[in-house]
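Me: Please show me the structure, and then I will ask about it one point at a time.

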Amino acid sequence: VPAVIPPTVDRGNDWFWEGVADRKLLLQRCAGCGLLRRHGSPMCGSCHSVQSDTQESTGRGTIHSWIVSKHPTEPDADDRIVVLVELEEGIRLVSNLVGADPVEVTNEAPVELCFETYGDVTLPQFRLVR
Amino acid sequence: MTTAIVGIGQTEFSKDSGRSELQLAAEAVVAALTDAGMKPSDVDGMVTFSQDTNDELAVARSVGVPELRWTARTSGGGGGASATVQLAAAAVEAGMADAVVIYRAFNERSGRRFGQPLPTAPPSMSWTLPYGLDTPAKMYSLWFQRYMHRYGVTNEDLGRYTVVARKHAATNPAAWFYERPITLEDHQASRWIVEPILRKLDCCQESDGGVAVIVTSMERARHLRQEPVRVAAASQSHLVDGDIMFNYHHADIADFPEARSLGEQLWKAAGITPGDIDVAMIYENFSPVVLLQLEAFGFCGPGEAKDFIADGHIEVGGSLPVNTHGGLLGEAYIHGVNNILEGVRQIRGTAVNQVAGAEHVLVAAGRSAAVLAHA
């Protein structure tokens with residue numbers, strides 16, 4: 001099992017982790033102009049709206065880049081494949097690829113969303129579309 | 001610009017300095033003052049950047065600077081290293097300070113170690129850290145991988161940079177890796193830090209040490225001890241959707257658009273082209289940033305840096321010697337500011353690996369850069 005550092009939930013990212021609790025991958029959408037905001041942002045850099053709602057991602061995307069993460073101080077912790085996923089909505093996010101060996105990973109490989117729970121922490125994760 | 005670097009100073013670079021970071025900073029500042037032939041009372045400005053533990057007033061008190069009229073810190077971690085020159089020169093040029101000391105001092109190895117895994121995820125890092133991006137090596141590697149994939153760059157290609165850095169360090173008595181060159185086989189035998197991107201020998205050192213640089217007006221510089229080194233241009237670039245230095249969200253992440261912008265700004269401000277640069281100091285917390293910057297600054301085309309390095313261009317004697325002191329991998333990791341000192345030595349003609357007739361030196365730190373030149 002990998003050693004997972006839990007997220008810190010605050011007023012800027014609570015919407016995302018509430019979505020994860022419901023097993024949904026939510027994207028923040030500007031209520032003023034409809035632009036998707038990457039990461040959490042309290043204001044739209046385009047229209048300055050401070051209002052936002054969410055859009056559920058289809059969970060489909062491709063691997064834009066990837067690495068193998070070894071835990072630097074806990075040698076017994078499992079390696080994790082960290083991926084930068086390009087979602088089909090055009091947003092990139094950092095996650096993990098599960099159920100795959102590093103030799104199977106290629107850039108542009110199609111992936112799909114799943115959820116995994118590690119101890120007390122549930123994370124949105126991705127699997128190769130086989 | 002009408003400002004000049006008139007003094008440089010440094011402590012020894014080690015893994016255990018045996019003294020406080022503040023003492024290292026103070027010693028480096030005094031060494032720079034001595035080099036310039038200036039007194040503490042000549043200084044009225046101080047500049048460093050984010051993550052410095054040494055308070056400006058504590059450094060001033062230790063050194064005996066009676067009053068500071070200008071302090072400033074740049075953002076962006078090591079990417080701000082060369083921005084210190086811009087902030088110091090801007091203050092002098094605007095008449096808001098007469099002489100500004102840039103300082104940087106750390107016990108990165110014997111004190112709080114740099115680059116260690118973060119134990120908790122603050123909200124701003126909760127988008128990445130729970131997935132295992134817990135060290136700078138991993139954060140940067142997720143960026144590098146796209147570049148390496150796009151252009152077919154291998155870890156062995158990265159090793160050819162490290163071999164050059166260690167070759168330059170091997171003849172620099174101030175370098176931690178003095179007289180310790182490596183071969184490509186040594187590089188390939190070093191352990192993986194982030195597979196399949198970085199091996200141990202692709203990573204900068206953890207160093208103890210301090211450095212300082214003094215900037216004043218060109219007019220005053222002409223009456224001081226050293227040949228003035230002109231600040232021909234200095235700027236920063238922080239593009240929306242970038243991160244500290246890496247980027248995951250720009251349209252093309254196999255590029256380094258901040259460095260590309262810096263090059264365009266600097267060549268225009270200094271009235272030169274990339275071909276006029278005789279020596280380049282290029283910030284490298286990890287070896288791939290050298291390749292990305294060589295391309296972004298226009299010294300070679302996209303994807304060509306691996307061949308540019310393999311063909312010997314970046315060695316002393318090549319068309320563009322890079323990191324002639326050994327860089328942050330070979331000399332020491334004083335967060336990039338030691339690169340400014342080597343740039344000054346190249347213009348003065350006093351570097352241990354001197355490039356004959358060096359007239360323009362680029363000191364690049366990814367998100368900030370300066371061009372140094374003869375007066």
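Me: Which residues does A:Val94 touch, not counting residues up to four places away in sequence?
Reply: This is a predicted model, in which local features need pLDDT of at least 70, side-chain atom pairs count only at pLDDT 80 or more, and totals for chains, interfaces and linings use all residues. Residues are numbered from 1 along each chain as its sequence is written, chains are lettered from A and ligands numbered from 1 in the order in which they are written, and side-chain values use heavy atoms, with hydrogens and water left out. Contact means heavy atoms within 4.5 Å. By that rule A:Val94 touches A:Val82, A:Val83 and A:Leu84 in chain A, and in chain B it touches B:Trp127, B:Thr128, B:Tyr131, B:Leu133, B:Leu142 and B:Tyr248.

Me: Is A:Val94 buried or exposed?
Reply: A:Val94 lies in strand β6 of chain A; helices (H or I, at least four residues) and strands (E, at least two) are DSSP runs, numbered from the N terminus. Buried means under 20% relative accessible area, exposed over 50%, and partly exposed in between (1.4 Å probe, protein chains only). Because its relative accessible area is 5%, A:Val94 is buried.

Me: How many residues of chain B are in contact with chain A?
Reply: Buried area is the accessible area (1.4 Å probe) that two parts lose on being put together, summed over both. For chain A and chain B this is about 3,000 Å², with 59% of it on carbon and sulfur atoms. On the side of chain A, 38 residues take part, and their partners in chain B number 35.

Me: Which salt bridge joins B:Arg146 to a residue of chain A?
Reply: A salt bridge is a side-chain nitrogen of Lys or Arg within 4 Å of a carboxyl oxygen of Asp or Glu. Across the interface of chain A and chain B the rule finds two. B:Arg146 is buried, as its relative accessible area is 9%, whereas A:Glu108, at 38%, is partly exposed. The N to O distance is 2.9 Å, and the partner of B:Arg146 is A:Glu108.

Me: How many residue pairs are in polar contact between chain A and chain B?
Reply: A polar contact is a pair of N or O atoms within 3.5 Å; within protein, one must be able to donate a hydrogen and the other to accept it, and residues adjacent in sequence count only if both atoms are side-chain atoms. With both residues at pLDDT 80 or more, the count between chain A and chain B is 19.

Me: Which element gives the most to the side of chain A that touches chain B?
Reply: Elements giving two or more residues to this side are α1 (14-21), β4 (60-69), β5 (80-87), β6 (92-97) and β8 (121-128) of chain A. With seven residues, the one that gives the most is β4(A).

Me: What does B:Arg73 form a salt bridge with?
Reply: The closest N and O atoms of the pair are 2.7 Å apart. B:Arg73 is in strand β3 (residues 70-74) of chain B, and its partner, 17 residues apart, is in helix α2 of chain B. B:Arg73 is partly exposed because its relative accessibility is 35%.

Me: What do the buried residues of α1(B) pack against?
Reply: Among the buried residues of this helix are B:Leu24, B:Val29, B:Leu33 and B:Asp35. The elements of chain B that they pack against are β1 (3-10), α2 (56-63), β4 (99-107), β7 (208-217) and α12.

Me: Where is B:Arg348 found?
Reply: B:Arg348 counts as buried because its relative accessibility is 14%. Leaving aside neighbours within four places in sequence, its contacts include B:Asp35, B:Gln226 and B:Glu227. Its place in chain B is helix α12 (residues 337-348).
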